[in-house]
Amino acid sequence: RRRSKLVPLAKGQVQIWPSLGRIKELLAPRFALEKVSSIDPGGDRGTLWWVENRWIRGGMGRLVGKQRWRSLLEALRIGRELVVIARRPG
């Protein structure tokens, strides 16, 4: 839902990615979640268009620094990939 270039693989076929809630649900019985964040911020749909267009990205890069802006977006889970750190008890 974050990238308009993701298209169905074949007629009637849709890619469905698990939500963060579903990922937590799958891990909960055997793991204790320690941290959830994301990497590689980006997208061109909805809110992501506003935070990742070249004008905003360039302005925020000059205002707060490119790495700090990127880190903020990753912490807000606006990245393309989720990073889940979980520990198995015991």
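Which residues is Val 51 in contact with, leaving aside its neighbours within four places in sequence? I opened the notebook with that one. Val 51 is in contact with Ile 56, Arg 57, Trp 69, Leu 73 and Ile 78. Contact here means heavy atoms within 4.5 Å.

**Ground rules.** I am working on a predicted model, where local features need pLDDT of at least 70, side-chain atom pairs count only at pLDDT 80 or more, and totals for chains, interfaces and linings use all residues. Residues are numbered from 1 along each chain as its sequence is written, and side-chain values use heavy atoms, with hydrogens and water left out.

**Overall layout.** I looked up the secondary structure and found four helices and two strands. Both come from DSSP runs numbered from the N terminus (helices H or I, at least four residues; strands E, at least two). Along the sequence the pattern reads α-β-α-α-α-β. The protein chain has 90 residues, and 19% of them count as buried. Buried is under 20% relative accessible area, exposed is over 50%, and partly exposed lies in between (1.4 Å probe, protein chains only). Among contacts with a separation of 6 or more, 79% come from residues 24 or more positions apart.

**Core.** I went back to Val 51. Val 51 belongs to the largest nonpolar core, along with Leu 48, Trp 69, Leu 73 and Ile 78. The elements giving two or more residues to this core are α2 (47-52) and α4. Such a core is a set of buried Ala, Val, Leu, Ile, Met, Phe, Trp, Tyr and Cys residues joined through side-chain atoms within 4.5 Å.

**Helix pair.** Next I checked α3 against α4. Their axes come within 7 Å and cross at roughly 115°. The α3 side of the contact is Ile 56, Arg 57, Met 60, Gly 61 and Val 64, and the α4 side is Lys 66, Arg 68 and Trp 69. By class I get four nonpolar, one polar and three charged residues. Axes are lines fitted to C-alpha atoms, for helices over the stretch in contact, and angles run from 0 to 180 degrees between N-to-C directions. For the classes, Ala, Val, Leu, Ile, Met, Phe, Trp, Tyr, Cys and Pro are nonpolar, Asp, Glu, Lys and Arg are charged, and the others, Gly among them, are polar.

**Pocket.** What lines the second largest pocket? I noted Pro 41, Glu 52, Arg 57, Gly 58, Gly 61, Arg 62, Lys 66, Trp 69, Arg 70 and Leu 73. Helices α3 (54-64) and α4 are the elements that give two or more residues to this lining. The lining has three nonpolar, two polar and five charged residues. A pocket is an open set of points on a 1 Å grid over the protein atoms alone, where a 1.4 Å probe fits, with protein on both sides within 12 Å along at least five of seven lines; lining residues have an atom within 4 Å of a point.

**Single residues.** Is Glu 74 buried or exposed? Glu 74 counts as buried because its relative accessibility is 16%. I place Glu 74 in helix α4 (residues 66-75). Not counting residues up to four places away in sequence, Glu 74 touches Ser 37, Ser 38, Ile 39, Asp 40 and Pro 41.

Arg 77 sits in the loop between α4 and β2 (79-87). Its phi is near 65°, a positive value in a residue other than glycine. Arg 77 is partly exposed, at 34% relative accessible area.

Ile 85 is in strand β2. Ile 85 and Ser 37 lie 48 residues apart in sequence and 8.7 Å apart in space, C-alpha to C-alpha.
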